[in-house]
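Subject: Structure handover

Hello,

Here is the structure I promised to pass on. Please open it beside this message and follow along as you read.

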Amino acid sequence: MDSAESFQQAGFVHVPGFCAGEELASLQSGLDEFIQSSLSSLPPEHVFYEDKSQSASLKQIQQLHQHSALFHQWMTDRPQALAEALLGEPVRAMNLQYFNKAPGMSRPTPPHQDGFYFMLEPCRAVTLWMALDAVDKENGCVRYVRGSYHAGLRPHQRTNTLGFSQGIADYGAADAADEISCPAEPGDVLAHHALTIHRADGNQSANRQRRALGLIFYGQSAQEDAVAHAAYQEQLAEEMKSAGRI
């Protein structure tokens, strides 16, 4: 069974070694350099901290491909081709995010569907999640609910988790029974449909980072409610500013 067929059946697929060697090393060094030299120039709503007073608590960087030529070129090359193969239609590159769950200061990611945030009709989008560190159950691997995207969008409610303000309101035992844990090595990609339910535990390790890149692509057929999406993002930014996280 190829990746596209697995994706269509389960709503997610693991692509081992998608990025390796010099390509992976270039992205890792480019990311390190960007974090050291460019964060202060970004809009505050594009940089999230667990605690803004602690630089080590950097949680997310939004729209990285808009701020870095290296990441823009990479995102619109092989990752975009993979997204198009999985969705079966041309796609638009929408967001490249950096994530980290630092040891000792991260919370679990609540079960959610990315499509709830995207506000698309039809909800045709794919997220590629690429590990930059070895990720397993100890430091919070991604867990998918197999086949969940076939049932459509589920009701969500507000959470207190930074970067994941909405979680599924009625997530229950039946969902947990269908969970698949997906450990990953650096350079592995986990690709999932925007309606696939997924979550992750917090980083319970003593000293291991849990860094990753998340690349979001919208299918050509998907239409975004741009007004509603912008209003939601503005409200969320104000709440995070008030909480001292941006």
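Helices here are DSSP runs of H or I with at least four residues, numbered from the N terminus. By that reading, Gln 80 sits in helix H5, which covers residues 78-87. Please keep in mind that this is a predicted model.

The chain as a whole

The chain has 8 helices and 15 strands. Its radius of gyration is 17 Å, close to the 18 Å that the globule rule gives for 246 residues, so the chain is as compact as a globular protein of that length. Along its principal axes, the C-alpha trace spans about 45 × 40 × 40 Å.

Of the 246 residues, 54% count as buried. The accessible surface comes to about 10900 Å², and 50% of that belongs to carbon and sulfur atoms. If you take the contacts between residues at least 6 apart in sequence, 83% of them join residues at least 24 apart.

Aromatic pairs

How many aromatic pairs does the structure hold? There are 2.

One is formed by Phe 12 and Tyr 144. Their ring centres are 4.6 Å apart and their planes stand at 15°, which is under 30 degrees, so this pair is stacked. The pair links distant parts of the chain: Phe 12 belongs to strand E1 (residues 12-15) and Tyr 144 to strand E8 (residues 142-145), 132 residues apart. Phe 12 has a relative accessibility of 8% and therefore counts as buried. Tyr 144, at 0%, counts as buried too.

Phe 118 and Tyr 218 also form a pair, and this one is tilted, with 5.2 Å from centre to centre and 50° between the planes. Phe 118 is in helix H6 (residues 114-118) and Tyr 218 is in strand E14 (residues 211-219), so the pair ties together parts that are 100 residues apart in sequence. Phe 118 and Tyr 218 are both buried.

Is Gln 80 buried or exposed? At 17% relative accessibility, Gln 80 falls under the 20% limit, so it counts as buried. Leaving out residues up to four places away in sequence, Gln 80 touches Met 75, Val 91, Ala 93 and Phe 217.

Gly 219 is in strand E14, and its relative accessibility of 0% makes it buried. Beyond its neighbours within four places in sequence, Gly 219 is in contact with several residues, among them Leu 87, Pro 90, Val 91 and Arg 124.

Asp 170 is in the loop between strand E10 (164-168) and helix H7 (173-177). Its relative accessibility is 42%, so Asp 170 counts as partly exposed. Asp 170 and Gln 73 are 97 residues apart in sequence, and their C-alpha atoms are 40 Å apart in space. Not counting residues up to four places away in sequence, Asp 170 touches Arg 154, Pro 155 and Asp 175.

Backbone points to check

Most residues other than glycine have a negative phi, and most peptide bonds are trans. The places below depart from that.

- The peptide bond joining Glu 121 and Pro 122 is cis, with omega about -5°. Pro 122 lies in the loop between strand E6 (120-121) and strand E7 (125-131).
- Gln 63 is not a glycine, yet its phi is positive, about 55°. Gln 63 is in the loop between strand E3 (58-61) and helix H3 (64-67), and at 15% relative accessibility it counts as buried.
- Met 119 is not a glycine either, and its phi is also positive, about 60°. Met 119 is in the loop between H6 and E6, and at 26% relative accessibility it counts as partly exposed.

Regards

Methods
Residues are numbered from 1 along each chain as its sequence is written. This is a predicted model: local features need pLDDT of at least 70, side-chain atom pairs count only at pLDDT 80 or more; totals for chains, interfaces and linings use all residues. Side-chain values use heavy atoms; hydrogens and water are left out. Helices (H or I, at least four residues) and strands (E, at least two) are DSSP runs, numbered from the N terminus. The radius of gyration is taken over C-alpha atoms; the globule rule is 2.2 Å times the number of residues to the power 0.38. Buried means under 20% relative accessible area, exposed over 50%, partly exposed in between (1.4 Å probe, protein chains only). Contact means heavy atoms within 4.5 Å. Accessible areas come from the Shrake-Rupley method with a 1.4 Å probe; for residues, only the protein chains shown count as cover. Rings of Phe, Tyr and Trp (its six-membered ring) pair if their centres lie within 6.5 Å; planes under 30 degrees apart count as stacked, over 60 as edge-to-face and the rest as tilted.
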